[in-house]
Each structure stands twice: as C-alpha cells, then as structure tokens.
Amino acid sequence: MNMITFMIALSLALSIALTALNFWLAQMTPDSEKLSPYECGFDPLGSARLPFSIRFFLVAILFLLFDLEIALLLPLPWATQLQAPTTTLTWTSILILLLTLGLVYEWVQGGLEWAE
C-alpha cells in the first residue's frame, strides 16, 4: 500500500471514529439557558440602540496593542545573534518600558476598572 494512501485512509478512519464518539458521548439534554442567544452579556431581545460601554473598546485596543508587542518581540532571539545586539536590546527595552508605562498609566487612571 502506498504511504500517501495509507495516511489518507488512517486520517479518514480516525476522523470518522472521533466524530462517531462525539455523537455517542455528547449530552443531548438542551435546556432554556443553552438555547438562549448570548451577546456579550447584554439582553439580545431588548433594544439594539442601547449605549455601548467604551470600556469594551479599551480592552480590545489593549489586547491588540500587547498582541502586536508579542509579534514585534518574537524575532528577538535571532536578533541577539547579530554583530551588534546591544542596539536591538536597547530598542526592545525602550518598547517594553513604554508599553509598561502606558499600562501603569491606564491602571492608575482607572481605565481598567469595570465598576464605577
């Protein structure tokens, strides 16, 4: 049997077995809580024109900012193998310090507090 044919047959058999196991073991007792729609903690049956808290956007922006920071810091281990890694480490330290100061500022100003 060809190796590719064997791998395709094995993955197909494993997929069918796991899907059948899921249908067999799954709980089939839905209640009203599971069947109701959930929209970010708001009642989805009410008015669609209710004011939306700006804090949700603040948390989303902070998440994107720190996600971008991780993307910028990922190549750092390879950058330390350059001829002059001190420049890279200096700029990295400045970036981390700036983001930490911004997070501390938001924390002190109460921007991360949910309750008023």
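I read the chain along its sequence and noted the pattern α-α-α-α-α. That comes to five helices and zero strands; helices (H or I, at least four residues) and strands (E, at least two) are DSSP runs, numbered from the N terminus.

Ground rules for these entries. This is a predicted model, so I take local features only at pLDDT of at least 70 and side-chain atom pairs only at pLDDT 80 or more, while totals for chains, interfaces and linings use all residues. Residues are numbered from 1 along each chain as its sequence is written, and side-chain values use heavy atoms, with hydrogens and water left out.

**Confidence.** I looked up pLDDT, the predictor's confidence in each residue, from 0 to 100. The chain averages 81, and 84% of the residues score at least 70. Among the elements, H1 has the highest mean pLDDT (93) and helix H2 (residues 32-35) the lowest (72).

**Whole chain.** I noted an accessible surface of about 10,500 Å², with 72% of it belonging to carbon and sulfur atoms. Accessible areas come from the Shrake-Rupley method with a 1.4 Å probe; for residues, only the protein chains shown count as cover. Of the 116 residues, 7% are buried. Buried means under 20% relative accessible area, exposed over 50%, and partly exposed in between (1.4 Å probe, protein chains only). Of the contacts with a separation of 6 or more, 47% are between residues 24 or more positions apart; contact means heavy atoms within 4.5 Å.

I found a nonpolar surface patch formed by Leu14, Leu18, Leu21, Trp24 and Leu25, with about 590 Å² of accessible area together. Patches are made of residues with over 30% relative accessible area and no salt bridge; like charges are joined within 9 Å, nonpolar side chains (Val, Leu, Ile, Met, Phe, Trp, Tyr) within 5 Å. A salt bridge is a side-chain nitrogen of Lys or Arg within 4 Å of a carboxyl oxygen of Asp or Glu. Leu21 lies in helix H1 (residues 3-25) and counts as partly exposed because its relative accessibility is 39%.

**Record.** I checked the unreviewed UniProt entry, which annotates residues 52-76 and 88-108 as "transmembrane region". UniProt positions are given in the numbering used here, feature names are shortened, and annotations may be inferred rather than shown by experiment. In the model, residues 88-108 are 100% helix and 0% strand, with the end C-alpha atoms 30 Å apart.

Glu69 is in helix H3 (residues 54-73) and counts as buried because its relative accessibility is 12%. Glu69 is in contact with Ile96 and Leu99.

Thr92 lies in helix H5 (residues 85-109). At 11% relative accessibility, Thr92 is also counted as buried.

Leu95 is in contact with Leu72 and Leu73. From C-alpha to C-alpha, Leu95 and Leu73 are 9.4 Å apart in space and 22 residues apart in sequence.

Conventions. Lists of a residue's contacts leave out its neighbours within four places in sequence.
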